[in-house]
Amino acid sequence: MFERAASNLRVDVTRTVIFDGVSVPQTFRTLVQDQVGHIDGFESLFEQPTGDLPSDRWAAITREQRLLNPHIILADVLADPSRATEAGVEDYQGRAHDLLEIDDPVAPIVLWVDAQTDRLSRLTTMEHDPLRRDVTVEVTYEDWDSGTAILFPAHVELRLAGQVLHSEQRDSVMVNGELPADTFDFPPRAAPVHVEADAERGAHRHQWHRGFASIGIPMSGVQSAIEATELHDGVHHLAGGSHHSLVVEQAGGVVVIDAPLYDARCVAILDWIEQSLGGAPTTHIVISHFHSDHSACARTFIARGATLVIGEDARDAWDAILTAPSTLRPDELSRNPVDDPPIMVVPDGGALTLDDPEHPVVLYDLRSEHAEDLLLPFVPDAGVLFSVDLFSPNLALPADNPQEVVDSLALHGITNDVSIVVGGHGAGTAAVADIVAAAAG
């Protein structure tokens, strides 16, 4: 429901989130009043109420609704026609389309209007993705027949970099209907506050936020706090948020395993290394697997001279990531490009050792359904294993597939060598026996 005059929005959601084979039914209501919002109900797998929306998530939600419902964009253009510019004619699906470019704070929005029917077929724009940087956003609109004076598309799909992330089938539409006076009211306890810098960040990467929320793990704010635990002399687990890294001191510098979330997290890791380890250079950034939440700020380490270490199956993807334009939210690599950045590859079914007299790091290929390029990092002299996603120590959610970790330890013959298990998620430490117990259910 949308009320244009007051910029009010309401979306009632009933859904089932499936996590590791477990179905979690959820019912919640998203309420927006102008520049603030509130979610009433439970959208998190952790059964924690969202409550007042942080401004980055408010911006992500309102931007998504704006793209899914181009009437909102056109109403803004009618209020200020100077925002729109004719942008020529292009072919789409074999038909000529008139293009109308709309000025927008994130990136220009282009409306594709069928020259024969005068119906809007698609919208194209750009947004920021922490891993892939500048990415295309496309929304398609079909079946413009809502039975109302103002037509609405019955089917809408949103694609990010060509992948469908959101699809809607609209069974009915009401225009200028009577709504109860309290339709958009926040609960009495609500007191959201608008923070412009956070809203700007959320608008730029709106599908990043919406993607996490869709799986019941809403993400907001910036995780820049570092909580370091020295597991063994020279081996550090860096927590402080939802996504963790491992830092191993070597004679020539430090090896960092995993580059989570976004640029700010990697800057925080590098600042910690500078302050706590005497400014030792980061020689290698190891990526446990390609998924954005564990790899998105690797470019920051590359810009500062680190060698990228990845699984063999991800090589082509990383070639594209390291050369991707980043104009919407420039990062260190876009400002200071590195020609032919060094890359080391862990072979399928094999291992790669980052040698050192005291703390060698061995990276084993881990055959997994979770990700084809998944690695199992191990520090032999310390007995420290870094487990990502398949098993997370002391995490409230079920483990994804701990049996794959058990199998990989056996395959590489290191089961009895592991004394400490830490994770890319979770809290504290575990032992191999805990992974075996999780695998047994």
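A residue is called buried here when its relative accessible area is under 20%, exposed when that area is over 50%, and partly exposed in between (1.4 Å probe, protein chains only). Helices (H or I, at least four residues) and strands (E, at least two) are DSSP runs, numbered from the N terminus. The model is predicted, so that local features need pLDDT of at least 70 and side-chain atom pairs count only at pLDDT 80 or more, while totals for chains, interfaces and linings use all residues. Residues are numbered from 1 along each chain as its sequence is written, and side-chain values use heavy atoms, with hydrogens and water left out.

Strand 22 is mostly covered, with 5 of its 5 residues buried. In a regular strand the side chains alternate between the two faces of the sheet.

|---|---|---|---|

Strand 22 and strand 23 form a hairpin with 4 residues between them, and G383 in the turn has a positive phi of about 70°.

Helix 10 (residues 402-412) has P402, E404, V405, S408, L409 and H412 as its buried residues. These residues lie on the same side of helix 10 because they cover an arc of only 155° around the axis, the arc being that of the directions from the helix axis to the C-beta atoms. On the other side of helix 10, A410 and L411 are exposed. The buried residues of the helix pack against strand 21 (361-365), strand 22 (375-379), strand 23 (384-387) and helix 11 (432-440), where contact means heavy atoms within 4.5 Å. Just after helix 10, G413 takes a positive phi of about 70°.

Two loop residues complete the account. M174 lies in the loop between strand 12 (163-169) and helix 3 (196-204) and is exposed, with a relative accessible area of 59%. T117, in the loop between strand 8 (109-114) and strand 9 (120-129), is partly exposed at a relative accessible area of 40%. From C-alpha to C-alpha, T117 and H97 are 9.7 Å apart in space, although 20 residues apart in sequence.

Key:
Pairing = 2+ DSSP bridges.
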